[in-house]
Amino acid sequence: MQDKIKNIESLEELQSLYTATFGKNGTMTLRLREMSKMSADERVELNKENATLRELFKVRQTELEQAALMQKLKTEFVDVTLDTEPKNRGTLHPLTETLSQIGAILESLGYTMWTGPEIEDDWHNFTALNTPSYHPARDMQDSFFLDNGNVLRTQTSAIQIRAMEGNGVPIKMFGVGRTYRKEMDATHSPMFGQIEGLYVDKIDAHITMSDLVATIRTMLERYFERKLEMRIRPSYFPFTEPSIEIDIKWNGDRWLEIAGAGMVHPNVLRNCGVNPDEYQGFAFGFGWDRIAMLKFGLDDIRQFYDGDVRWLKNSGFEA
Ligand code: DAH
């Protein structure tokens, strides 16, 4: 019997032999039942045999279970080092990439990032920005108005108002976000991204137009990773005085408008509770789609928003 247990090769067989031995009518069970008729020596002997057999069953069971586990590990082994074809590996959208690069540059210059709501009220999008009621940007043709008088933010300049209201001055911030206007062609999308910069400090900190121009040059040259030829043109924005537009020379012959900027208008400061006799500063704003298009050599802004994976795959953005 002992050898038989030791030589059993499967858990099933072991189980059935166990039942045949210790089950309700098992051989050992029956013998134990006869114990009262035995001599003292015979009882000791039987108890010993009983214990030995139980032990042997246990040992063999452990051995067989162990063997089964080893077998399973061997046959179900997964080779994680196996090479496979990389398929459809994801990549960051070029606009995401652009935003994080520009953000990192501005942060390195001491600017802190702000965001704001895409549905704005008249105050933050227009009035506080010194935009008169007759300004064309308020025209129904240009802006998406909601029935309650709110508007889909037409410019991230709204964020500079929120930042000055929330943080006070001095302040050095940049705002990023989507903006909306009723326009659509190869270089305009009804939804586009803007980045806004604002730096305001005490008058005696001497923040000037030169600082503004140098900041924009630094930002663009770091982003495009080369020296740029820049041109400054006088311009008009209700929220800056004086106002300028900044162009860069592209492909050797073309001037491209990149950003609007200027010294923050005293009325804007006043609207944010800041005394323009004590504080001054500059602001700038530009479309991040535009600079991304230049960097990636694209001619249609709408491709950014089509969500076409084939385009993303073929345009060389993949990491
Ligand atoms: N908000 C302007 C636009 O959408 C861009 C701009 C111009 C922002 C001058 C500024 C600024 O902060 O000072 O066209």
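**Pockets, patch and exposure**

User: How do the residues of the lining of the largest pocket divide into nonpolar, polar and charged?
Analyst: They divide into 16 nonpolar, 17 polar and 9 charged. Ala, Val, Leu, Ile, Met, Phe, Trp, Tyr, Cys and Pro count as nonpolar, Asp, Glu, Lys and Arg as charged, and the others, Gly among them, as polar. This is a predicted model, in which local features need pLDDT of at least 70 and side-chain atom pairs count only at pLDDT 80 or more, while totals for chains, interfaces and linings use all residues. Residues are numbered from 1 along each chain as its sequence is written, and side-chain values use heavy atoms, with hydrogens and water left out.

User: What makes a set of points a pocket and not a cavity?
Analyst: On a 1 Å grid over the protein atoms alone, a cavity is a set of points where a 1.4 Å probe fits but cannot get out, whereas a pocket is an open set with protein on both sides within 12 Å along at least five of seven lines. Lining residues have an atom within 4 Å of a point. The largest pocket has 42 of them, with Arg181, Phe192, Gln194, Phe237 and Glu257 nearest its centre. Strand β8 gives the largest share of this lining, 6 residues; strands (E, at least two residues) and helices (H or I, at least four) are DSSP runs, numbered from the N terminus.

User: Why is Leu73 called exposed?
Analyst: Its relative accessible area is 54%, and exposed means over 50%, buried under 20%, and partly exposed in between (1.4 Å probe, protein chains only). Leu73 is therefore exposed. Leu73 lies in helix α4 (residues 40-75).

User: Which residues make the nonpolar surface patch?
Analyst: Leu69, Met70 and Leu73 make a nonpolar patch of about 300 Å². Patch residues have over 30% relative accessible area and no salt bridge; nonpolar side chains (Val, Leu, Ile, Met, Phe, Trp, Tyr) are joined within 5 Å, like charges within 9 Å. A salt bridge is a side-chain nitrogen of Lys or Arg within 4 Å of a carboxyl oxygen of Asp or Glu. Accessible areas come from the Shrake-Rupley method with a 1.4 Å probe; for residues, only the protein chains shown count as cover.

User: Why does Asn267 count as partly exposed?
Analyst: Asn267, in helix α9 (residues 266-271), has 27% relative accessibility, so Asn267 counts as partly exposed.
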